[in-house]
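This report describes how parts of one chain are arranged. The sequence and structure come before the details.

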Amino acid sequence: MVDIQAKLKEIGPFVEEPDDDLLVCRCEEVTKGQIRKAVHEGIFTLEEMRRYLRSGMGLCQGQTCGKLVKSIIASELKVSPAEVVPASSRAPMRPIEMCILAEDGGGCDE
Amino acid sequence: MKIERYDMIVIGAGPAGLSAAIEAAKKGLKPIVFDENARPGGQLFKQIHKFFGSKEHKAKVRGFKIGEELLEEAEEYGVEVILNATVVGLYPEKEVTVKIGDKVKHYKGDAILVATGASENMVNFEGWTKPGVIGAGAAQTMMNLHHIKPGNRILMLGSGNVGLVVSYQLMQAGCEVVALADAAPRVGGYGVHAAKVARCGVPFYLSHTIVKVEGDECVTGVVIGQVGPDWKVIPGTEKHFDVDTVCLAVGLSPMSQLLKQAEVKMNDTKGGHVPECDKHGATSVPGIYAAGDVSGIEEASSAMIEGRMSGTAIACYLGYMTEEERDSRIDELEKQLDTLRQGMFAPKNRGKLVEKTDEGIDVSMNLLNKGFVTDDEIERFPGVTHQKGIHPVIECTQNIPCNPCQDACKMGCIRIGENITSLPAIDPEKKCIGCGMCVASCSGQSIFLVEEDVEEGYGEVTMPYEFLPVPEVGDRGVALGRNGQYVCDAEVTKVRIAPAFDHTYLLTIKVPNDMVMRARFYKKEA
C-alpha cells in the first residue's frame with residue numbers, strides 16, 4: 001500500500017512546465033499538465049487516472065495514450081514506468097453502441 | 001441466451017492466428033477465427049517487400065503473397081473465418097463475446113487462442129494531433145491496401161525495420177521522404193533496409209527527435225533537433241523541413257487486453273504487457289493460448305511459426321494427437337523458430353551494440369549512424385571482391401537470418417553455408433554468368449553485378465530496381481552512391497525483367513570504370 005501523503009511530500013509540489021498544454025489523450029482531450037497535476041492530487045495509478053480525468057476512456061480505449069500517460073505518471077512519481085499500476089481490462093474491449101450492448105443476452109424486452 | 005460451442009476459437013486472422021487454425025484443422029479440429037477487420041491476413045497484406053529467411057520460411061516471397069498462400073491453405077482445411085467480427089470480451093471460462101453486425105454473440109471454446117497482434121506506439125510533441133501526422137501502419141494501409149498516397153513530402157520518425165521499410169514504400173508510391181529521424185543513436189532495423197533508403201538520397205538523423213510540427217489546419221512543416229544524453233533536445237540544433245506529412249514508426253505494443261481480462265498472468269515488460277506463456281503458447285489459464293505479436297513483438301515469419309506451435313499444442317490438449325506426436329512437431333517448429341532468432345538482431349541482442357560480425361569483421365559504424373556503408377568500409381566484407389569480368393558484389397554486412405542468394409546462384413559463386421546468418425561470401429573460383437538471379441533474390445536489395453571495361457574506360461553496374469516508371473535502355477541520368485549523393489553521369493544499357501525476378505527489375509547502367517564500386521542507384525535527372 002502506498003502512503004499517499006508521504007509520497008506527495010516526497011515528490012514535492014506541482015510545478016508548471018512549458019508543455020503542460022500538450023494533448024496526451026486526444027479522444028478525451030486530456031493534457032499533460034492535467035495528468036501531472038492529478039498526480040500531485042494523489043492519483044498514482046492508471047485506473048484512478050481513467051476515472052479522475054477520463055484519459056484512456058474514449059474511442060481508442062487508451063490504445064494510443066496508455067503508454068504515454070503511464071510514463072508521465074512515472075516521471076512525476078520519480079519511479080520507472082513498470083512500477084505504475086496498469087489499468088484493469090474489462091469488456092467491452094472495443095467501443096460498442098449502447099443499443100447493441102443492451103440487446104446482449106436476449107434483448108431488453110425478454 | 002444462445003452459446004455456440006467450438007473446439008477452438010482463434011481471435012485474430014493474422015499470420016499467427018491463421019497458422020494456428022490451419023495446423024489444428026489438419027489434425028481434425030474445427031476452429032473458428034474471428035477478426036475485426038474486413039480482410040483477413042493481419043499486417044501481411046500491407047507488406048509488399050520480399051521477406052527475409054530461408055527457403056523453408058518463404059524467404060524472398062513478398063508479404064502479401066505469403067498472406068494469399070495462408071488464406072488458400074486455410075480454405076483448403078476448412079478453417080472458418082468470420083470477418084468484421086469484433087471480440088469484445090474474453091472470460092476465464094473460455095467464453096467469448098463477439099460483436100457481429102448489430103448483435104453481440106456468445107461462443108464457448110474448448111481452447112482459445114489469442115492472436116490479436118499489436119498496435120502502434122505514439123509519441124507526442126507540439127502539433128502531434130494535426131492532420132498529416134500519421135502512424136507508419138496507417139501509411140501502409142493507405143498506400144498498399146487503398147492505393148492512396150499519404151502525402152507528398154514526408155518526414156519519417158523511427159529507424160526500425162518498420163520505419164525503414166515504410167520509408168522505401170513511400171518512395172515507391174511516389175512520395176518524397178525528406179529525412180529519417182530517430183532519437184536512438186543507431187539505426188534500429190536491418191542495415192540492408194537502411195542502405196536501400198539511404199542510397200535513394202534520404203538523409204538519416206540519428207539522435208534526433210521531433211521538436212514540433214507546424215501548420216494551422218494541417219501539417220506544413222516539422223522541426224527536429226538533436227537529443228543529448230538526457231533525451232532532451234540540445235538548443236541550437238533544430239532543423240526545419242517543409243513537409244505535409246509526418247510518419248511515426250516508434251514501435252509496437254502487444255494488444256493483450258483480452259488476455260488480461262481473462263485473468264491470464266501478465267508480465268509488464270519493456271516491450272509491453274505480455275502474457276506469461278510456456279513454449280507452446282499456453283498461458284496460466286488452462287486452455288487459453290497466445291501466439292504472435294500479442295505475446296511479444298517480433299515479425300510475421302516468427303508469428304506464423306508460433307501460431308503453428310500453439311495450433312499443435314491445442315490439438316494435443318484437446319486429444320487430437322498424442323503428446324509424442326506433439327513433441328516431435330514442436331521440435332521441428334522450434335528449430336525453424338531458432339533459426340529466425342539467430343544473428344545480430346536476435347531477441348537477446350535487442351538494444352545492444354554489436355561491434356563485430358560472427359566472422360570477426362568490424363560492423364560498419366556509418367551504417368549504424370548514417371544508414372549506409374562507406375566506400376572504404378564495404379571492401380572488408382566477404383561478399384565484396386574485385387575480379388576481371390562480371391561478378392556479384394554482395395553488400396550484406398550484418399548477420400541476419402537470410403540465405404536465398406546462395407541457392408539463387410546456379411554457378412555456386414555465393415556461399416553462406418549451414419548457418420543462415422553467416423555473411424554471404426564470394427567464391428572467386430566459380431564463374432559468374434551474369435544471370436542476375438542473385439540480384440533479384442536478395443530481399444535486402446544488397447547484391448549488384450559489377451563489370452569493368454565493358455568498353456574503353458567504362459564499366460557496368462546492375463542493380464535491383466523497384467520504382468516506376470521503369471527506365472528505358474538509352475535513358476541518361478545520374479548514378480548515386482551508397483550515401484545517395486551524385487557520383488557520376490550514367491546511361492541505362494539494359495533493363496531486365498522475368499517472372500523469376502518477382503517484379504524486381506534488373507537495371508544495368510554504364511559508368512566510368514572507377515565508379516563501378518561506387519554507383520549504387522540510378523536516378524533520371526531532375
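## Domains and a helix pair in chain B

Chain B is divided into domain 1 (3–119 + 252–340), domain 2 (122–248) and domain 3 (375–524), with bounds that come from an automatic or database domain assignment. This is a predicted model, in which local features need pLDDT of at least 70 and side-chain atom pairs count only at pLDDT 80 or more, while totals for chains, interfaces and linings use all residues. Residues are numbered from 1 along each chain as its sequence is written, and chains are lettered from A and ligands numbered from 1 in the order in which they are written.

The C-alpha centres of domain 2 and domain 3 of chain B are 28 Å apart. Between these domains, 12 residues of domain 2 of chain B are in contact with 16 residues of domain 3 of chain B (C-beta atoms, placed from the backbone, within 7 Å). Helix H5 (residues 191–198) of chain B gives the largest share of the domain 2 side, 6 residues. Helices here are DSSP runs (H or I, at least four residues), numbered from the N terminus.

Helices H3 (residues 136–145) and H4 (residues 161–172) of chain B also pack together, at an angle of about 30° and with axes 10 Å apart. Axes are lines fitted to C-alpha atoms over the stretch in contact, and angles run from 0 to 180 degrees between N-to-C directions. H3(B) is therefore roughly parallel to H4(B) (angles under 35 degrees).

| Helix | Contact residues |
|---|---|
| H3(B) | B:Ala136, B:Ala139, B:Gln140, B:Met143, B:Asn144 |
| H4(B) | B:Val162, B:Gly163, B:Val166, B:Gln169, B:Leu170 |

Technical notes: Helices (H or I, at least four residues) and strands (E, at least two) are DSSP runs, numbered from the N terminus. Angles under 35 degrees count as roughly parallel, over 145 as roughly antiparallel, 65 to 115 as roughly perpendicular and the rest as oblique. Two residues are in contact if their C-beta atoms, placed from the backbone, lie within 7 Å.
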